[in-house]
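Subject: Structure handover

Hi,

Here is the structure for you to take over. My notes on it follow below.

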Amino acid sequence: MLGCLLRGGCSPLLCLWALVLPLVSLHPFNQHGRRDPIVRDRPKLLLVSFDGFRWDYIHRVPMPNFKTIIDEGVIVKEVESAYITKTFPNHYSLVTGLYAETHGIVANEMYDPVLNRSFSMETDSIYESLWWEEAVPLWVTIQKAGGRSGAAMWPGSDVKIHGMYPNQYLRYNASVSFETRVERIIEWFSAPKDESVDFVVLYWEEPDESGHRLGPQNPEMDKVIADIDEKLGFLMNELKKAGLYEKVNLIVTSDHGMTQLSTDKIIELDEYVTRDLYTWVDKSPVVGILPKEGKFDEVYSKLVDANPNMVVFKKEDIPKHFHYQHNIRIMPILIEAKEGWTIMQNRTGAFMSGNHGYDNTLRSMQPVFVARGPAFRQNYVKTSMSSVDLYPLMCHILSIHPLPNNGSLFNVRDLLAEEPVPSTSSVPPRVNEYSYAPIVGSFLGVVMVLGFLVVYIRQVTLKQLPSLKHRSREMSQPLLQEDLHL
Ligand SMILES: [Zn+2]
């Protein structure tokens with residue numbers, strides 16, 4: 001087509017069609033906040049996280065509502081969370097598709113040496129935008145594209161990020177019941193057409209809290225897990241009552257798993273290094289250590305071979321596959337306990353019976369993942385995925401162009417109903433690098449359109465009446481601006 005145009009062999013009308021076609025087919029949401037009517041009627045998406053819901057809890061007690069989701073939709077048996085397997089980093093990975101080193105929420109407790117500020121779940125520091133703005137969560141991206149979103153207590157969703165809150169959100173309050181959170185979500189989805197939301201995130205604190213307190217092996221966890229199934233059933237019923245069950249794509253997952261601890265497996269740092277040599281930033285089982293000025297070598301040498309049940313990394317030696325190195329908020333020394341071990345300064349600290357945060361390749365650290373809805377295949381079992389793959393999958397379902405991310409739609413597109421049934425069960429190779437496809441595609445699109453435009457103006461200039469010269473400039477300029485904003 002370009003060669004044809006360059007040779008002057010096409011009619012101006014055909015040239016104009018070639019110019020306009022890529023523009024009308026690129027974006028479901030236009031650049032002025034108005035939504036394409038076709039996309040407006042697309043299915044909606046609800047992402048639910050039951051904190052600390054380990055993958056195998058669904059096999060532990062009868063879970064009829066989870067079973068229904070699996071029968072009507074998909075299940076992924078092995079989901080690798082992002083390292084470190086803690087709550088804040090992983091909830092942000094789920095909605096950005098980024099590893100913690102890239103999105104900047106590298107732990108539940110952080111210190112930023114450039115800002116000279118600390119982030120802690122125990123303080124209002126979590127509401128400071130600056131901690132969150134190394135990435136853009138999906139609710140912001142959707143809203144910038146003209147869509148609408150809602151959030152019920154999801155970590156970070158009640159923080160102003162890049163100038164935005166979700167259109168509808170609940171400020172975090174652990175005393176708000178699951179049922180109330182669901183009722184609000186149903187209202188948001190059911191609002192009049194121009195006010196209803198496209199994408200909602202819902203967070204619930206269990207079974208994480210009980211998992212920490214009781215330990216996952218405690219038989220009392222059975223009823224905690226059964227209660228989660230009842231809560232899922234409540235959500236499904238409310239969706240049905242509102243006529244949303246067949247319209248909303250429902251994804252139920254978690255941020256990490258949980259493993260059993262023991263008072264026989266405690267590492268006491270005070271035995272190896274005195275407290276005045278370092279600041280203890282993030283807590284067990286992956287501990288961020290900030291040595292006092294000039295004390296790095298001393299602290300490292302005292303810790304590195306101190307205990308066989310922990311591994312001590314210099315920041316630059318943290319294994320590449322963790323994707324946990326390139327951020328100033330990751331401390332100069334990282335201590336990782338072996339599974340089941342607890343790192344404390346001494347035994348006077350509070351002890352938990354269960355914990356997470358360990359190596360993300362451990363099976364015990366893996367979360368549940370099930371989904372159903374019009375976008376998903378039915379009764380389909382997938383072997384494995386990475387939790388960062390969820391972001392490009394959600395963008396695809398919502399017809400949103402993903403921002404650069406660490407996930408891969410290719411790795412998970414077999415979950416989609418629109419895809420042909422996979423011929424083998426082999427898992428495609430992981431794609432860990434950033435996806436530059438959208439950037440390259442947009443760049444090529446701009447180059448092509450500019451090429452068409454130049455040739456078209458040249459044709460009109462050469463072949464048409466002189467009065468058309470001015471009109472062609474008027475006609476082409478808005479199209480060019482539209483494209484440059486892609
Ligand atoms: Zn958690």
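Helix H8 (residues 178-190) and H10 pack at an angle of about 25°, with their axes 10 Å apart. That makes H8 roughly parallel to H10. The crossing of the two, H8 and H10, is right-handed.

Before going on, the conventions. This is a predicted model; local features need pLDDT of at least 70, side-chain atom pairs count only at pLDDT 80 or more, and totals for chains, interfaces and linings use all residues. Residues are numbered from 1 along each chain as its sequence is written.

Terms for the helix pairs:
- Helices (H or I, at least four residues) and strands (E, at least two) are DSSP runs, numbered from the N terminus.
- Axes are lines fitted to C-alpha atoms, for helices over the stretch in contact, and angles run from 0 to 180 degrees between N-to-C directions.
- Angles under 35 degrees count as roughly parallel, over 145 as roughly antiparallel, 65 to 115 as roughly perpendicular and the rest as oblique.
- A crossing is right-handed if the near helix is turned clockwise from the far one by less than a right angle, and left-handed if anticlockwise.

**Helix pairs**

In the H8 and H10 pair, Phe178, Glu179, Val182 and Ile186 of H8 meet Lys231, Phe234, Leu235 and Glu238 of H10. Contact here means C-beta atoms, placed from the backbone, within 7 Å. By class, the contact of H8 with H10 has five nonpolar, no polar and three charged residues. Ala, Val, Leu, Ile, Met, Phe, Trp, Tyr, Cys and Pro count as nonpolar, Asp, Glu, Lys and Arg as charged, and the others, Gly among them, as polar.

H10 (residues 221-241) also meets helix H4 (residues 64-72). Their axes come within 7 Å and cross at roughly 55°. H4 and H10 are therefore oblique to each other. H4 contributes Pro64, Asn65 and Phe66 to the contact, and H10 contributes Asp229, Leu232, Gly233 and Met236. The residues of this contact divide into four nonpolar, two polar and one charged.

**Chain totals**

The chain has 14 helices and 18 strands. Buried residues make up 43% of its 486 residues. A residue is buried if 20 or more other C-beta atoms lie within 10 Å of its own, exposed if 12 or fewer, and partly exposed in between. Among contacts with a separation of 6 or more, 73% join residues 24 or more positions apart.

**Gly52**

Gly52 lies in the loop between S1 and H4. Gly52 counts as buried, with 26 C-beta neighbours inside 10 Å. Gly52 and His256 are 204 residues apart in sequence, yet 5.3 Å apart in space, C-alpha to C-alpha. Not counting residues up to four places away in sequence, Gly52 touches Pro207, Asp208, Gly211, Ser254, His256, Met258 and His356.

**Helix H12**

Helix H12 (residues 390-397) is mostly covered, with seven of its eight residues buried. These are Leu390, Tyr391, Pro392, Leu393, Met394, Cys395 and Ile397. The buried residues of H12 pack against strand S1 (44-50), helix H5 (87-96), helix H7 (138-144) and strand S8 (248-253). Ser399 follows H12 and has a positive phi, near 55°.

**The four-strand sheet**

An open sheet of four strands runs in the order S11-S12-S14-S13, with antiparallel pairing. Strand S11 (278-282) and strand S13 (310-314) stand at the edges, each with a single partner strand, so one side of each is left without a neighbour in the sheet. The twist averages 25° from one strand to the next. Strands pair if DSSP finds at least two bridges between them.

Strand S12 (residues 286-291) and strand S14 (residues 333-337) pair in the antiparallel sense over four bridges. Val287 stands opposite Ile335 in S14. Val286 has Glu336 as its bridge partner in S14. S13 and S14 pair in the antiparallel sense over five bridges. Val312 stands opposite Ile335 in S14.

S14 is mostly covered: five of its five residues are buried. Ile333, Ile335 and Ala337 point one way from S14, while Leu334 and Glu336 point the other way. In a regular strand the side chains alternate between the two faces of the sheet. Helix H11 (residues 296-303) lies across S11, S12, S13 and S14, and runs at about 15° to S14.

Best wishes

Key:
Two residues are in contact if their C-beta atoms, placed from the backbone, lie within 7 Å.
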